[in-house]
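These are my notebook entries on one structure, kept in the order in which I looked things up.

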Amino acid sequence: VERPRLQGMAKNTSMRWRLPLVCLLWEVAMIVLFGVFVRFGAEADAHWEEDKREMNLTSDIENDFYFRYPSFQDVHVMIFVGFGFLMTFLKRYGFGAVGFNFLLAAFGIQWALLMQGWFHSFKDGKILIGVENLINADFCVGSVCIAFGAILGKTSPIQLLVMTLFQVTLFSVNEYILLNLLHVKDAGGSMTIHTFGAYFGLTVTRVLYRPNLEQSKDKQGSVYHSDLFAMIGTLYLWMYWPSFNSAISDHGDAQHRSAINTYCSLAACVLTTMAFSSMLQKKGKLDMVHIQNATLAGGVAVGTSAEMMLTPYGSLIVGSISGIVSTVGYVYFTPFLESRLHIQDTCGIHNLHAMPGLIGGIVGAITAAAATEDVYGKEGFIKAFDFTGVYQTRTPSIQGGFQAAGIVVSLLMAFAGGAIVGGILKLPIWGDAAAENCFEDDVYWEVPEDEESDVYHMHNPDKPGSP
Amino acid sequence: VERPRLQGMAKNTSMRWRLPLVCLLWEVAMIVLFGVFVRFGAEADAHWEEDKREMNLTSDIENDFYFRYPSFQDVHVMIFVGFGFLMTFLKRYGFGAVGFNFLLAAFGIQWALLMQGWFHSFKDGKILIGVENLINADFCVGSVCIAFGAILGKTSPIQLLVMTLFQVTLFSVNEYILLNLLHVKDAGGSMTIHTFGAYFGLTVTRVLYRPNLEQSKDKQGSVYHSDLFAMIGTLYLWMYWPSFNSAISDHGDAQHRSAINTYCSLAACVLTTMAFSSMLQKKGKLDMVHIQNATLAGGVAVGTSAEMMLTPYGSLIVGSISGIVSTVGYVYFTPFLESRLHIQDTCGIHNLHAMPGLIGGIVGAITAAAATEDVYGKEGFIKAFDFTGVYQTRTPSIQGGFQAAGIVVSLLMAFAGGAIVGGILKLPIWGDAAAENCFEDDVYWEVPEDEESDVYHMHNPDKPGSP
Amino acid sequence: VERPRLQGMAKNTSMRWRLPLVCLLWEVAMIVLFGVFVRFGAEADAHWEEDKREMNLTSDIENDFYFRYPSFQDVHVMIFVGFGFLMTFLKRYGFGAVGFNFLLAAFGIQWALLMQGWFHSFKDGKILIGVENLINADFCVGSVCIAFGAILGKTSPIQLLVMTLFQVTLFSVNEYILLNLLHVKDAGGSMTIHTFGAYFGLTVTRVLYRPNLEQSKDKQGSVYHSDLFAMIGTLYLWMYWPSFNSAISDHGDAQHRSAINTYCSLAACVLTTMAFSSMLQKKGKLDMVHIQNATLAGGVAVGTSAEMMLTPYGSLIVGSISGIVSTVGYVYFTPFLESRLHIQDTCGIHNLHAMPGLIGGIVGAITAAAATEDVYGKEGFIKAFDFTGVYQTRTPSIQGGFQAAGIVVSLLMAFAGGAIVGGILKLPIWGDAAAENCFEDDVYWEVPEDEESDVYHMHNPDKPGSP
């Protein structure tokens, strides 16, 4: 089997001037914009001593830092190690998976701090940031990491940065519409993060359809150790998901409840995933692709409702269903999407984020619509759905309707945004690789010689790996 | 060297119907039982706003969530990444190690929430759960992960689920006897988790003795990278053990003290492990098996006493001794147990959990018996041992006696339970593999072709890996 | 290519008696010293119930444990997994990287608890420890882990222990001079940890210069999977650095602010690192060495100033610059240091810790000198710089001068200490390996047979790996 020499590639994939230019210009822009706009919020500012007195706080422990920082760190791990390593399953794209995820997330969180700041933390001409802003920025790039999963291995780092720039912008607009205009609850982001991020990514990969992708088919699989690296990502996502869904919930019972619901949903999801993974394979063997991905669907699917009174058994039901849907998706939908709809979804984000995200939005709408003062308590009811001010008269069923509207808006934003951004990424200036060099680190990374030859030449000892 | 073709196996190891059936039936049962019994505890319920006022709490930070959630997440990592990756040291059983650990733990925590809930959190016909229940459920399956270490590579996933079901049940009964009937202190679980879990697992593996296991001897070792994967597990267990031992201690000084004692014990344990690992090997080279395991014995051995006034130097002594005992165990006891007592202990849990667990129980009994009002303070003394109500008149020496009784009860429960469960697992219906296919992922997992051939055929280039 | 047989080594590298002797004697000394000196601090002692009343604390949540324990655990992960795995990039030194790092850190934290305790927590003849002492001990060995990076692969474990012993001692003296005598602020340790640790290590490696190190050049590189293991270390260091820099800051706004500044600096650093990594390579490909290391420089460079009012845009500027300096360092300075100054710096700590550490010290001095009551608020200003007691009259510009003096003192301590300790380590009694056996686990570790032969013999199938 002849492997195309990388030197002979038709396309110019050199990043030497393009990538530095984009990164440096961007960073200069960030410095200027942060200089103009971003300041410490009250709880991170040295004036806090005085503010504390004014707010009648008797202890530093009342600082929001202590309510949210541990969850923030867990979310941070999910974005960088979780998503990064989850995508290392490909045999020859580990550097790209973890390295590009690192790049786009570091790039995106800066822009997200600004975009979300303008919408939510803007006061007297300044964006005032605290730990909650850091969490929200991580959440926002989380949606980009999801979209990255669909196009993994097929794009240049510049394309990823361009996509990140636009997606963070659109994410923030969509989030503003949902949270502020529709007054929708979505603390764990089933709609804003997962539904939006996944359908955005799927639309982009549809636009970027590569008809000759089977030329790099030999590199689309995993090897034994790459599957273990991916399990690191899986487990950190799975373990810390209770922190993800509870990180920005109200202090006290809401954070507590979110963590419990998510814990239960994820546990159930593992069992149904294993069951269907075994059942849908002729010899009944388990498939690492399912274990790595579908076990996480339970976290996605309670993203909206975790902070509500979903109850532990409700969580088990949602987790069970999402594990089944996701596993079935990997077996039947992904091949269908690729062959019929020309949607090449490298990581199967349709199964892990899109469908479970929709389930999450729907479960959230139903749970909100079913809320009663009896279940929440009079004060708890108002607090949970923030039925104050202009929303004082909103009823649960109306809230359910708005929640459902949030799903629709997220979908529309994702399709429209994905189509436009996909079109931009299709321009022939971004340095993406030819089809036969997809899923190959060697295009954009210095790769150590030896190991490369291990994989390619091991059964051809007469073809030396290193000259 | 002829490798037996997997197709030619005498035993039917297909999981296609058995595993899905067990998982799905179980999950349905869980949903029903959770629906009937499990509700949010007061601190996770939306009525918390009202409860807070009744309890005169002025801040949400008083919610137990903020006292225990960071420790919970650390414990969660220990169970899923710690135990999971610790067992990936085998060259061809990485998927099984991390994947089956994932399966049994997710399965077990649901049942543990119920079992422990009935014993400890049952009120007006409902189990009221909060973050402490999540920690306790993780602890409970921790004992199953330990037992899994003894039978690693030799059982089918169904056997693991059956074992989990019974072991969680017995664990909860044993825990109830110790904590409630004997009024024993064991926050880090030297007795309830380690002694019970390890001797249970050792008894099971004794009953399941495989006389022909040397047929898969070539797969019982590690390769270079599998040893590094295992070190991920080791280090997360080691680093987070202070959280493990302090997670359910009393708020304040007790949690603080537990973390310090465990930190000290583990540091000392590393040094004595390294010393004995080098000393007991002819050429003085260090053995990764010892570093991966015996360095953790110090955490096990202060499990009972960490929240007591063990003192930092006491912790160093306990840690030093347990590192020595554990390393010596790997060199001398494990081969003895296998050849003479027919106990095939894949991970050496006898050295890492059984003996250090016993040490932990004994140290706990001594530390309790030696307690004085002078050392603890009048109030601290009562609080530390909960000498209130019917236990108001209990003296330290009597407490020490009860602690010692707790060790004996745990041992008896482990032996009896292990014998019965081992007998059940011996039934020829669970689909376990033949001796020559032990320690081999290929039996229950889809394994990528290439890497498999890397390991088996690399020195036989004329025998192609993929047809 | 003939590989020298390890049996034929000229040097005696057997650790069989030396390593156990050092470890065991040391541990006995630790037990004695801890027995004489170390006790629980008030917040970890069972008398806390009474102290709480005296201090008018109404809740256990006021215990310092809850302010710092989550950060402590993050720091703990950075020391053991972060530094340990960061150094696993070498193809044949993964056991040594992660294992020796484990050994020296466990060894060092015990001695650090004593040394730092005598200087900072000594009261009535006893060292009273709490969670802050654990963090500081971790910080102290952090500086040893940094120095280890320079000599990685070239020293015996005994040399590492000897170095640790002396470096921890000198670290504590230097820290005392800076924090107590010069009244310098350095919560994230740009000076005390990074500048001191790195120049100490560089001096040691200069003294231990090996002229024939090119004999093991084939083992100084990475393989594909070793680079992925190293990324685990990188990411954990990167993600948890906000905890590192905020762990021992004042409660409240200072911890909050440190985390935000560090988060911003690190995000910017990733972008400039990627930009320069691509720009400085002929084909524009990214180099994993830069991604693994230079992306972290932003955390080092705000170590001193993170808790000050550096502001988010200030952090972006510092992070951007340090990423550039560090990447340029890897490309140009490291080869220069080796060829001209005979400084063989295995991990490039000069780029990751030394230069960014200096930047951090300078930025800290400038930020302190530029402080005003307007920016900090009257009370915040006094609290931030602790301008109380004898320091009541200190002005920002004088503080800036003292900060600068702190850099100089740290450098002098590092050079002098490194020279002396390097001289001691040069004695021919410590069992270090010959030049041709550097970067090779086989010297001090039992290495599984198969994998070793995978790497060496794969292209020579007629040379069987296992006899």
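How many residues of chain C are in contact with chain B, and how many of chain B with chain C? I took contact as heavy atoms within 4.5 Å, and I find 85 residues of chain C against 76 residues of chain B.

Before going further I note the conventions: this is a predicted model, in which local features need pLDDT of at least 70 and side-chain atom pairs count only at pLDDT 80 or more, while totals for chains, interfaces and linings use all residues. Residues are numbered from 1 along each chain as its sequence is written, chains are lettered from A and ligands numbered from 1 in the order in which they are written, and side-chain values use heavy atoms, with hydrogens and water left out.

**Entry: chain C and chain B.** I looked up the buried area (the accessible area, with a 1.4 Å probe, that two parts lose on being put together, summed over both) and read about 6900 Å², with 71% of it from carbon and sulfur atoms. For salt bridges I used a side-chain nitrogen of Lys or Arg within 4 Å of a carboxyl oxygen of Asp or Glu, and the interface of chain C and chain B has 3 of them. One that I looked up is R53(C) with E379(B), where the closest N and O atoms are 2.1 Å apart. I also counted polar contacts (a pair of N or O atoms within 3.5 Å; within protein, one must be able to donate a hydrogen and the other to accept it, and residues adjacent in sequence count only if both atoms are side-chain atoms), which gave 33 residue pairs between these chains, both residues at pLDDT 80 or more.

Elements are DSSP runs numbered from the N terminus, helices being H or I with at least four residues and strands E with at least two. Those that each supply at least two residues to the side of chain C that touches chain B include helix 1 (18–37), strand 1 (38–40) and helix 17 (449–457). The largest share of that side, 12 residues, comes from helix 4 of chain C. By class I have 51 nonpolar, 16 polar and 18 charged residues there, where Ala, Val, Leu, Ile, Met, Phe, Trp, Tyr, Cys and Pro count as nonpolar, Asp, Glu, Lys and Arg as charged, and the others, Gly among them, as polar.

**Entry: chain B and chain A.** Here 84 residues of chain B are in contact with 75 residues of chain A, and the two chains bury about 6900 Å² between them, 71% of it on carbon and sulfur atoms. I find 3 salt bridges across this interface, and E49(B) with K383(A) is a salt bridge at 2.8 Å, N to O. Over all chains the count comes to 36 salt bridges; the pair I looked up crosses from helix 2 of chain B to helix 15 (residues 378–385) of chain A.

**Entry: cavities.** I searched on a 1 Å grid over the protein atoms alone for sets of points where a 1.4 Å probe fits but cannot get out, with lining residues having an atom within 4 Å of a point. The search of the whole structure gives 16 cavities of 30 Å³ or more, where grid points are joined across faces, edges and corners and a volume is the space filled by probe spheres set on the points. The second largest cavity holds about 220 Å³. Its lining has 21 residues, with Y66(A), P70(A), Y66(B), P70(B) and P70(C) nearest its centre.

Terms used. 1 Å grid on protein atoms, 1.4 Å probe; cavity = no way out; pocket = protein on both sides within 12 Å on 5 of 7 lines; lining within 4 Å.
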